[in-house]
Each structure stands twice: as C-alpha cells, then as structure tokens.
Amino acid sequence: MPPRLVVGLTGATGAAYAVRLLRRARELGAETHLIATPAGILNAHHELGLDRSALEAESDHAYAPGDVGACIASGSFATAAMVVAPCSMKSLAAIAHGLGDNLLTRAADVTLKERRRLILMVRETPFNLAHLRNMVAVTEMGGICFPPLPAFYHRPETIEEMVNETAERVLELAGLDAAQPRAWTGL
C-alpha cells in the first residue's frame with residue numbers, strides 16, 4: 001500500500017506550498033488527502049488562481065472541513081504524516097489546544113494522538129508570545145513546527161525553486177524517503 005499523506009491548507013499565505021506538496025507526493029507514489037479551509041480556498045484563488053475544484057484535483061481525495069466523520073478523522077486510518085501548509089495562527093492555536101472543531105484540526109489531533117508525524121508550516125511574522133507558546137505546545141506533543149523559510153545556499157533563481165526545495169525538505173520529514181532536498185555543500 002502506498003504511504004498516505006494528509007495535507008491541510010489554511011488561510012495563511014503560501015498556498016503554493018500545499019500545491020507543491022500534493023504534486024510531489026503524488027510523483028513519489030504517495031496517496032494524498034486534502035482538507036482546505038474556506039480561507040485556504042480563498043488564498044489558493046488569490047495567490048494561484050485555483051478554485052476549489054482545481055485545488056481538489058491536485059489530490060487523490062479531498063474533504064470538506066465540516067466532514068468530521070471522514071476516514072482521516074480516525075486513528076484506525078493509517079497515514080505516514082500530516083502537513084498543514086500553510087498553517088495559520090488560528091489553526092495552530094486550535095491544534096495546540098486540542099480543539100478538534102473541524103476536520104483539519106481533528107485530523108491533526110488524531111495524528112498527534114497516534115504518534116504520527118505532524119508538520120505545521122506556520123506562517124506569520126513577527127511571532128507574538130501566544131504564537132510562540134502554541135508552537136511550544138505542539139512541539140511538546142510531538143509535532144514539528146516548520147516555518148517555510150527559504151534556503152539560499154543552493155542559490156535559487158526563482159520563487160518556484162524556493163518553494164520546491166522547502167517542499168522536498170518537508171516531504172523528507174514526513175517520511176517519504178524518495179524526497180530529495182538539496183544537501184548543503186559549503187560555500
């Protein structure tokens with residue numbers, strides 16, 4: 001069975017990360033499951049020109065945030081990892097405090113309780129104390145906070161190259177062994 005990757009898309013800027021993760025995970029043979037919040041759909045439209053159906057076509061399975069009875073809300077549905085890309089501070093707070101009030105936060109809660117990999121690509125700057133405390137709480141529960149900060153050691157020439165490199169790093173963290181982030185080779 002191929003590894004299953006759950007991707008959440010929230011209202012923070014950076015919808016390109018979610019789309020790249022979905023496309024690349026598929027290339028690597030993973031089965032992808034998408035949950036996009038209404039604000040996430042709005043951002044995908046503003047930033048990438050994608051409507052809900054075009055965004056959902058990037059995944060193997062897509063769910064509405066209100067579908068809390070979906071398979072990904074159950075610990076018996078085995079997944080390799082869940083990535084929230086990008087992760088808004090609202091979603092971070094809900095996850096940090098165990099509020100499974102929609103499918104995205106419920107799936108994240110299940111990921112944590114099952115001791116699976118949860119990676120939150122948190123998007124906000126600067127961070128206030130509430131943001132930092134919520135990131136600490138998620139980290140203490142076993143999650144990974146991964147602000148999508150671009151790497152420049154490989155001298156990217158386009159935004160797409162920066163997004164791709166970050167996505168490869170996240171997919172490697174998610175346990176997709178075929179992901180290929182560039183190794184730092186020195187200056």
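The model is predicted.

Begin with the helices. Two packed helices are described by the angle between their axes and the distance between the axes. Both values are given below for each pair.

Helix H1 covers residues 15-27 and helix H7 covers residues 159-173. Their axes come within 9 Å of each other and cross at roughly 60°. Angles under 35 degrees count as roughly parallel and those from 65 to 115 as roughly perpendicular, and H1 and H7 are therefore oblique to each other. The crossing of H1 and H7 is right-handed. On the H1 side, the contact is made by Ala16, Tyr17, Arg20, Leu21, Arg24 and Ala25. On the H7 side, the residues are Val163, Asn164, Thr166, Ala167, Glu168, Val170 and Leu171. Sorted by class, the contact of H1 with H7 has eight nonpolar, two polar and three charged residues.

H4 spans residues 89-96, and H6 spans residues 129-140. The axes of H4 and H6 are 9 Å apart, and the two helices pack at an angle of about 45°. H4 and H6 are therefore oblique to each other. H4 passes H6 in a left-handed crossing. From H4, the residues in contact are Met89, Leu92, Ala93, Ile95 and Ala96. They meet His131, Asn134, Met135, Ala137 and Val138 of H6. This contact of H4 with H6 is made up of eight nonpolar and two polar residues, with no charged residues.

The other partner of H4 is helix H5, residues 103-113. The axes of H4 and H5 come within 9 Å and cross at roughly 45°, which makes H4 oblique to H5. H4 passes H5 in a right-handed crossing. Here Ser91, Ala94 and Ile95 in H4 meet Leu104, Thr105, Ala108 and Leu112 in H5. The contact of H4 with H5 has five nonpolar and two polar residues, and no charged ones. Ile95 is listed in the contact with H6 and also in the contact with H5.

Now turn to the aromatic rings. A pair of aromatic rings is described by the distance of the centres and the angle of the planes. How many aromatic pairs does the model hold? The count comes to zero, where a pair needs ring centres within 6.5 Å. Arg4 lies over the face of Phe77, at 3.9 Å from the ring centre.

The last topic is the backbone. Most residues other than glycine have a negative phi, and most peptide bonds are trans. Where are the cis peptide bonds? One joins Ala85 and Pro86, with omega of about -10°. Pro86 is placed in strand E4, residues 81-87. Another cis peptide bond joins Thr125 and Pro126, and omega is about -10° there. Pro126 lies in the loop between strand E5 (117-122) and H6.

Which residue has a positive phi although it is not a glycine? Arg115 does, with a phi of about 60°. Arg115 lies in the loop between H5 and E5.

Notes: Residues are numbered from 1 along each chain as its sequence is written. This is a predicted model: local features need pLDDT of at least 70, side-chain atom pairs count only at pLDDT 80 or more; totals for chains, interfaces and linings use all residues. Side-chain values use heavy atoms; hydrogens and water are left out. Rings of Phe, Tyr and Trp (its six-membered ring) pair if their centres lie within 6.5 Å; planes under 30 degrees apart count as stacked, over 60 as edge-to-face and the rest as tilted. A charge sits over a ring if NZ of Lys or CZ of Arg is within 6 Å of the ring centre and within 35 degrees of the ring normal. Axes are lines fitted to C-alpha atoms, for helices over the stretch in contact, and angles run from 0 to 180 degrees between N-to-C directions. Helices (H or I, at least four residues) and strands (E, at least two) are DSSP runs, numbered from the N terminus. Angles under 35 degrees count as roughly parallel, over 145 as roughly antiparallel, 65 to 115 as roughly perpendicular and the rest as oblique. A crossing is left-handed if the near helix is turned anticlockwise from the far one by less than a right angle, and right-handed if clockwise. Contact means heavy atoms within 4.5 Å. Ala, Val, Leu, Ile, Met, Phe, Trp, Tyr, Cys and Pro count as nonpolar, Asp, Glu, Lys and Arg as charged, and the others, Gly among them, as polar.
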